[in-house]
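Work through the exercises below with the coordinates open. Each task is followed by its solution in steps.

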Amino acid sequence: QHQVILTGEARFLPLNFSTLPQKLKEAGYATHMVGKWHLGMCNWSYTPTNRGFDSYFGYYNGAEDYYTHVAGKDEYAGYDLRNDKEVAKDPSQTHFNYLFTKQTTDVIAKVDTDTPLFFYLPFHL
């Protein structure tokens, strides 16, 4: 890959490449992600919950607005905030980092403490 995946592009990390969370799940870990996923989203197969994460909360594109959660320009502009595969509504237009912090603490609180945990949290800066 030579540049970021832009909104509307059919580019992705090929499925024949295993991800770290896929390998950790095989080893018995709980795997969760909150934040920016930028490895493909043109098909559900390339999204976080199909690439090894038990749960995902975040956005697929780059350059989202911190508060409105809209990404892209012109005909490719759109709301980009997901909870697993569902659109995550944020009527209060809360800054991404506050949303991510809340979601992270909620997920960690529910994890079985007898299960090893891999948690990936790339903040939107």
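The model is predicted: local features require pLDDT of at least 70 and side-chain atom pairs pLDDT 80 or more, while totals for chains, interfaces and linings use all residues. Residues are numbered from 1 along each chain as its sequence is written, and side-chain values use heavy atoms, without hydrogens and water.

**Exercise 1. Describe the chain as a whole.**

Step 1. List the secondary structure, taking helices (H or I, at least four residues) and strands (E, at least two) as DSSP runs numbered from the N terminus. The protein chain has two helices and seven strands, in the sequence pattern α-β-β-β-β-β-β-α-β.

Step 2. Compare the radius of gyration, taken over C-alpha atoms, with the globule rule, 2.2 Å times the number of residues to the power 0.38. The value is 15 Å, close to the 14 Å that the rule gives for 125 residues, so the protein chain is as compact as a globular protein of that length.

Step 3. Of the 125 residues, 38% count as buried.

**Exercise 2. Determine the strand order of the five-stranded sheet and its pairing.**

Step 1. Two strands pair if DSSP finds at least two bridges between them. The sheet is open, with the order β6-β5-β2-β1-β7 and mixed pairing.

Step 2. Find the edges. β6 (86-87) and β7 (117-120) each have a single partner strand, so one side of each lacks a neighbour in the sheet.

Step 3. Assign directions. β1 and β2 are parallel over five bridges, and β1 and β7 are parallel over four. β2 and β5 (residues 82-83) are antiparallel, joined by two bridges.

Step 4. Locate residue M33. M33 stands opposite Y56 in β2 and opposite Y120 in β7.

Step 5. Check the burial of β1. Six of its seven residues are buried, so β1 is largely enclosed by the rest of the structure.

**Exercise 3. Which residues form the largest nonpolar core?**

Step 1. A nonpolar core is a set of buried Ala, Val, Leu, Ile, Met, Phe, Trp, Tyr and Cys residues joined through side-chain atoms within 4.5 Å. The largest has 11 residues: V34, F57, Y59, L81, A88, F96, L99, F100, V107, V111 and F119.

Step 2. Sort them by element. β2 (55-59) and α2 (96-110) are the elements that give two or more residues, and α2 gives the largest share, four residues. Apart from this core lies another of nine residues, among them I5, L24, W37 and F53.

Step 3. α2 lies across β1 (30-36), β2, β5 and β7, at about 175° to β2; axes are lines fitted to C-alpha atoms, for helices over the stretch in contact, and angles run from 0 to 180 degrees between N-to-C directions.

Step 4. Examine F57. Beyond its neighbours within four places in sequence, its contacts include V34, L81, A88, L99 and F100. F57 also stands opposite N83 in β5.

**Exercise 4. Where do D84 and Q93 lie, and what is the phi of D84 and of Q93?**

Step 1. D84 lies in the loop between β5 and β6. Its phi is near 55°, a positive value in a residue other than glycine, and D84 is partly exposed at 29% relative accessible area.

Step 2. Q93 lies in the loop between β6 and α2. Its phi, near 50°, is likewise positive in a residue other than glycine, and Q93 is partly exposed at 42%.

How values were computed. Buried means under 20% relative accessible area, exposed over 50%, partly exposed in between (1.4 Å probe, protein chains only). Contact means heavy atoms within 4.5 Å.
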